[in-house]
Amino acid sequence: MKELELIKEAYLAQDFSYTPYSNFKVGAALLGKNGKVYRGCNIENAAYTPTNCAERTAFFKAISEGVKDFEAIAVVGNLEGASSGDFEYCAPCGVCRQVMAEFCDPKEFRVILARSEEDYQVYTLEQLLPLSFTEKDLNK
Ligand SMILES: O=c1ccn([C@H]2C[C@H](O)[C@@H](CO)O2)c(=O)[nH]1
Ligand SMILES: [Zn+2]
């Protein structure tokens with residue numbers, strides 16, 4: 001699947017974002033090695049901390065269906081208000097990066113950060129989460 005197709009899926013997911021508190025709408029589309037796409041949006045809560053990010057929604061949907069092998073994720077946010085000079089792509093939070101590290105190969109898994117269908121950047125998970133703590137560290 002091409003990056004553009006995955007970005008389009010992330011924008012479709014963003015439409016369902018539930019954000020009455022931040023009004024910051026995020027969409028994600030996770031591509032499994034099985035060729036299927038798992039969409040996710042952020043889901044907020046009046047108690048704030050139960051909020052789930054778009055990326056984790058997509059991961060947990062896939063994992064709850066028995067899928068644990070992934071190729072890439074596209075992430076889109078509504079960053080029109082970002083002042084110039086800011087990093088104007090919606091980068092995954094640390095918690096979501098840690099969830100990615102649990103299931104994805106750090107050198108292979110690609111994180112596509114898009115601010116339009118044509119304008120995006122691609123990172124490996126290792127670039128976003130160097131020196132990660134994973135299962136291998138527990139077994140030392
Ligand atoms: O990569 C990100 C960054 C933020 N959020 C959500 C969490 C919260 O609902 C809102 C503001 O932080 O954006 C995501 O879903 N993914
Ligand atoms: Zn997150």
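1. I begin with Ala74, which, once its neighbours within four places in sequence are left aside, is in contact with Leu6, Ile7, Glu9, Ala10, Ala28, Ala29, Ile112 and Ala114. Please keep in mind while reading that this is a predicted model.

2. Ala74 also belongs to the largest nonpolar core, which has 34 residues, and Ala74 is listed with Ala28, Leu30 and Val75 as the residues with the most contacts inside that core. At least two residues of this core are supplied by each of H1, E1, E2, H2, E3, H3 and strand E4 (110-114). The largest share, 6 residues, comes from E3.

3. The sheet deserves a careful look: 5 strands make up an open sheet with mixed pairing, and their order is E2-E1-E3-E4-E5. E2 and strand E5 (120-124) stand at the edges with a single partner strand each, so one side of each is left without a neighbour in the sheet. On average, and with direction ignored, neighbouring strands of this sheet are turned by 20° against each other. H2 packs on the sheet, where it touches E1, E2 and E3, and the direction of H2 makes about 140° with that of E2.

4. The pairing of E1 with E3 is antiparallel and runs over 7 bridges, and in E3 the residue bridged to Gly27 is Val76. The pairing of E1 with E2 is likewise antiparallel, over 5 bridges; here Leu30 stands opposite Tyr38, while Ala29 stands opposite Arg39. E1 and E2 form a hairpin with 4 residues between them, and in its turn Gly35 has a positive phi of about 85°.

5. How many residues of E1 are buried? The count is 6 of the 7 residues, so E1 is largely enclosed by the rest of the structure. For E2 the count is 5 of the 5 residues, so E2 too is largely enclosed by the rest of the structure, even though E2 stands at an edge of the sheet with a single partner strand. Val37, Arg39 and Cys41 point one way from E2, Tyr38 and Gly40 point the other way, and all are buried; a reader checking side chains may wish to note that Arg39 is among these buried residues.

6. Helix H2 (residues 54-63) is mostly covered, with 7 of its 10 residues buried. The buried residues are Ala54, Glu55, Arg56, Thr57, Ala58, Phe59 and Ala62, and this list takes in Glu55 and Arg56 as well as Phe59. The packing partners of the buried residues of H2 are helix H1 (3-14), strand E1 (26-32), strand E2 (37-41), strand E3 (70-77) and helix H3 (94-103).

7. Turning to the ligand, 14 residues lie around ligand 1, and those that come nearest are Ser22, Val26, Asn42, Cys53 and Ala54. The shell around ligand 1 divides into 8 nonpolar, 4 polar and 2 charged residues. Ala54, one of the residues that come nearest to ligand 1, is also one of the buried residues of H2.

8. Most residues other than glycine have a negative phi.

9. The last point concerns Pro130, which has its place in the loop between H4 and H5. Is Pro130 buried or exposed? Pro130 is exposed, because 8 other C-beta atoms lie within 10 Å and the limit for an exposed residue is 12 or fewer. Between the C-alpha atoms of Pro130 and Asn42, which are 88 residues apart along the chain, the separation is 25 Å; Asn42 is one of the residues that come nearest to ligand 1.

Key:
Residues numbered from 1 in each chain as written. Chains lettered and ligands numbered in written order. Predicted model: local features only at pLDDT ≥ 70, side-chain atom pairs only at ≥ 80, totals over all residues. Near = placed C-beta within 6 Å. Nonpolar A, V, L, I, M, F, W, Y, C, P; charged D, E, K, R; others polar. Buried ≥ 20, exposed ≤ 12 C-beta atoms within 10 Å, placed from the backbone. Contact = placed C-beta atoms within 7 Å. Pairing = 2+ DSSP bridges. Core = buried A, V, L, I, M, F, W, Y, C linked by C-beta atoms within 7 Å. Axes fitted to C-alpha atoms, helices over the stretch in contact; angles between N-to-C directions.
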